[in-house]
Amino acid sequence: MKDAIRTAAVLGAGTMGAQIAAHLANAGIQTLLLDIVPRELTGDDERAGRTLADRAVRDRIARAGLDAAMKARPAAFFTAHAAGLVSVGNLDDDLEQAAKTDFVIEAIVENLEVKRSLFERIDPLLGPATVVATNTSGIPVGKIAEGRSDGFRSRFLGVHFFNPPRYMKLVEVISTPDTDPAIVTRMASFLDERLGKGVVYAKDAPNFIANRVGTFSALHTMHVMLEDGFTPEEVDVLTGPAMGRPKVGTFRLMDLVGVDVFAHVSSNLHVNAPHDERRETFTVPAMIQSMVERKMLGNKTRKGFYQKQGDEILTLDPGTLEYRQKIRPKFPSVDAAKNIDDLAERVRMLVFGKDRAGAFLWKITRDTLIYAANRIPEICDDVLQVDRAIRWGFNWEMGPFELWDALGVRKTVDRMRAEGLEIPVAVATMLENGGETFYRRDEGRTQYWDFATEGYVEVEDVPGITILRDVKDRGHIVKKSAGATMIDLGDGIACIEFHSKMNAIGGDTVGMLNTGAKALEDGEFAGLVIGNQGENFCVGANLMLLLLEAQEGNWDDVNLMIRAFQNVNMRLKTAPGPVVVAPFGMTLGGGCEITLHGARVRAAAETYLGLVEFGVGLIPAGGGTKEVVLRAADASSAAGSEMFDAIRKGFEIVAMAKVATSAEEARSFGFLNPADSITMNRDRLIADAKQVALDLVAEGYQPYRQRMDVPALGEGALAALKLGVYQMQQGGYISEHDAKIAGKLARIMTGGDLSHRSVVTEQYLLDLEREAFLSLCGERKTLERIQHTLKTGKPLRN
C-alpha cells in the first residue's frame, strides 16, 4: 500500500484539509485539494470581470486553503517545491477526478449529515481500488458509512490526523465491522512508512482515544481550577514541562486549538457518550460558553485565556472574564523540581507534594489515571494504544499508564482507596495477580499488562524499527563512556550513539567516534552508523567547556580540542568502511559537521541542519566550512556554473546561521548530497541507516581520499564577499563584530591569502578554520555571545 498510493484527493480545504494535502505532497504524492463552490463573487472577482462560472472563482476556496498552507508557520511543506504537487479544484466539477485517485480523505465540517451527503455523491464514482477515509475527530465512523455500497464500506475507515499534520506524530486508525482488515493493515503501513506517522488502533467510540482521554483531562483540570481557586497561569505552570508536558500548559494550548473547537469536542462527548461514568465532566463550563459567545476563541480572535496588548500578555480572570496583568506563579516545589532531570522522580515529587501545587496535581492526575483505565476496552484494546495516543497526540512525555508506573501503582491505589474512590476492576485485578506495573522489561524486551488476558504480553518487534535500548539490553554493547556508546547492530554494522546532555559534543563523544573509526580500520566491523534516539541528534559542541578554557586562556587546549574534532571527522570520512550518519531533529554546529563528513546521510524528514557557530561569534571549525567550500566546488562543476555563485550562497548560509526547516531544505542548502536519502518515520531511521551501510558494503565500498585539488578563488572573490559584508554593516544590518567574523569566514572560503585562483588541500582549509576559530575565541564579544547563549539559549548580536 505504501507504494500503491501515488495519487490522493483531500475533500475540504480548511486548515486541516489543506495541511493534510501539504503533507501528502511532502511524501511525493500528487494530491488534488477540493472544496465547495462559492455562492458569491468577491470584490476582486467583480473588478476582474469574472463570473460564478469561471474556474478561478469556482476553485477560489480550495486555492485560498492551499495559499494558507503555503504561508503557514511552522511550515506545512518541506520545501516550496513540494507545493507544486498539490492542485486545486471544487467538489462540483472535480469529484469524479478525485474518486479515481488511490486515496480519498474527507476533512470537511464536523457534521454527520454533511459528511454522509458528500460520501453519497462520491460512492458511485469511486475507482475499484480507491481507499476512502474520514478525518473526523469524533463522529462515529460507522455512522458516516451507513447507507453506502458494500464496496465503499469495505474500503472505508477513519484516519484521524492531529494538527498540524506534518508535525504531530499521531494518526488514529478506526475501522468499522465492514472494513476489510487488509485495508487497515495496508493503510497503517502507508501512514507509518510513507507519511512518517505513529499509528494507533482506536475503537469506533466517541472521540476515539487521544481526544477522549485528553479532553477529559483538560476539562477536569478546568473544573478543579475553578473549584479550588487557581488561576490560568498557575495551572499552565503546573501542567507544563515540570510534569513532562508541552510548555504551553493547559490554557495556552486551548488558545492554540481554539476555545470554540474545545467546546465543540466537549459537547460532542457529552451527547455521544451517555454511559460514560464521568459524563458530567464533559458539560461545557459556563465560563467557556461565555467565552464562545463573546468571540474569545484564543489565537484566532487574538483573545482567549490570554490576550496580548502591545508587549504585554494579559490573563483572563475566570470570575469576571476581564483581562488583568499576568501574575507570575510562585510554587517552591515546581522551582525545586526544575533541578531534577529524571522525569519519573520529578513527577513523584510534585504529585506527592504536601503543598497547594501537590494537592492540585494529585487531584487532576488521580482522576485522569482512573478515567483512562476505565476506557479499556471501550476506546481501544490495551494500555499501549492509550499511552502512544497521548504521547504522540498531546506531546506528553509519558502516557497515563507510564505515568502511573512512575508514581507507583500500588501506592497510588492505596491512596485512592483511602479517599473513597472506586478502583478500575482491571487495575485491581492486576495488583491481585502480582502485577505491580503496567510495563516491565525482561531480557531486553518490553512487556505490558493486558487487561483482556490478565497477564503480561510482549510488545511485538516491528520489522524495520530498531530500538537501541533493546539492542543494548540484549547485551550488544561494544564500548561505553559517559557521553557515547558503541553498539553492535548485527550483520557487521556498528552504531555510535550519543547520550550526553542534549547530545553535545565533548571529549567522550570524540573518543567514541575514534573508537568506531578504528573498528572499521581494524576490520572489526564493515560499516558504521552514527545515530541515536534522543530528543535531538546533536546540538553542537559543549560550549561551557569551550568557554571555561577560553576564559582561562588555555589556547593550547582549545587548539587541541578543535584539532581533535577535525581529525576524527576526517578519519570517519576516509575510513575503509562506509560511515552513515543518521541525523534528526536539531542537528546544529558540530552535529551538522559530523553529518557533512559521512559517506552517506540517511536523514529523518524532520531534520533541522545548520552551521550556527556564527551566532556565538565563531565559525564552523570541525571541517564544516571546508565542506561548504568542497560542495560549492562540486555543485558548480556539475552545473557548469561559476563557482563564486555557489561560494556566495554557502557563505550566506553560514554567515546568517541558517537552519534548514526539513531534510529536503537541507539538501537545497548543500548539506545533503544527491546520493543521500530521507526517512519519513524517525522510528525507522537507525534500521534504514544500517541498510544503507549494508548496501554500500555489498556494492564494494571504495573509501574517500583526501582532496588535494580543492579550487580556491583567491583575493578577487574575497574582495567581493567583503564588499557585501561592508554594505550590510553600513546599512545597519550587522554589527562591527559580525563583520569581523564574516571577514574571517570569507577568507577561509576563498583560500586565505591567495592573490589569484589556485588549488589547495582539504588540510589547508582545516588549518585556516582552526586559525580563525582560535582568534575569535580570544575576542571579548565572542565570549559575551557564548555566555549569553548558555544563559538564555538565544544568540546575542553585539
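Mentor: Contact means heavy atoms within 4.5 Å. Keep that in mind as we read this predicted model.

Trainee: Which residues is E497 in contact with, leaving aside its neighbours within four places in sequence?

Mentor: The list is L468, K472, G483, A484, T485, I487, G531 and N532. E497 itself lies in strand β17, residues 493-498.

Trainee: Is E497 buried or exposed?

Mentor: Buried means under 20% relative accessible area. E497 has 8% relative accessibility, so it counts as buried. Its side chain also makes a polar contact with the side chain of K472, at 2.9 Å.

Trainee: How do I read two packed helices?

Mentor: Two packed helices are described by the angle between their axes and the distance between the axes. Take helix α32 (residues 736-749) and helix α33 (residues 762-777). They pack at an angle of about 170°, and their axes are 9 Å apart. Therefore α32 is roughly antiparallel to α33. The crossing of α32 past α33 is right-handed.

Trainee: Which residues of α32 and α33 make the contact?

Mentor: From α32, they are I741, K744, R747 and I748. From α33, they are L765, L768, E769, E771, A772, S775 and L776. Six residues of this contact are nonpolar, one is polar and four are charged.

Trainee: Next, peptide bonds and phi. What is the general rule?

Mentor: Most residues other than glycine have a negative phi, and most peptide bonds are trans.

Trainee: Which peptide bonds here are cis?

Mentor: One runs from N163 to P164, with omega near -5°. P164 lies in the loop between β6 (156-161) and β7 (170-174). Another cis bond runs from I376 to P377, with omega near 15°. P377 sits in the loop between α17 (356-374) and α18 (383-394).

Trainee: Where do I find a positive phi in a residue that is not a glycine?

Mentor: R302 is one case, with a phi of about 65°. R302 is in the loop between α14 (286-293) and β9 (306-309). A657 is another, with a phi of about 50°. A657 lies in the loop between α28 (643-655) and α29 (663-669).

Trainee: Are R302 and A657 buried or exposed?

Mentor: R302 counts as exposed, at 71% relative accessibility. A657 counts as buried, at 17%.

How values were computed
Residues numbered from 1 in each chain as written. Predicted model: local features only at pLDDT ≥ 70, side-chain atom pairs only at ≥ 80, totals over all residues. Heavy atoms only, no water. Axes fitted to C-alpha atoms, helices over the stretch in contact; angles between N-to-C directions. Helix = DSSP H or I, 4+ residues; strand = E, 2+ residues; numbered from the N terminus. Parallel < 35°, antiparallel > 145°, perpendicular 65-115°, else oblique. Left-handed = near helix turned anticlockwise from the far one by under 90°. Nonpolar A, V, L, I, M, F, W, Y, C, P; charged D, E, K, R; others polar. Buried < 20%, exposed > 50% of the residue type's maximum accessible area, 1.4 Å probe, protein only. Polar contact = N/O pair within 3.5 Å; in protein donor to acceptor, adjacent residues only side chain to side chain.
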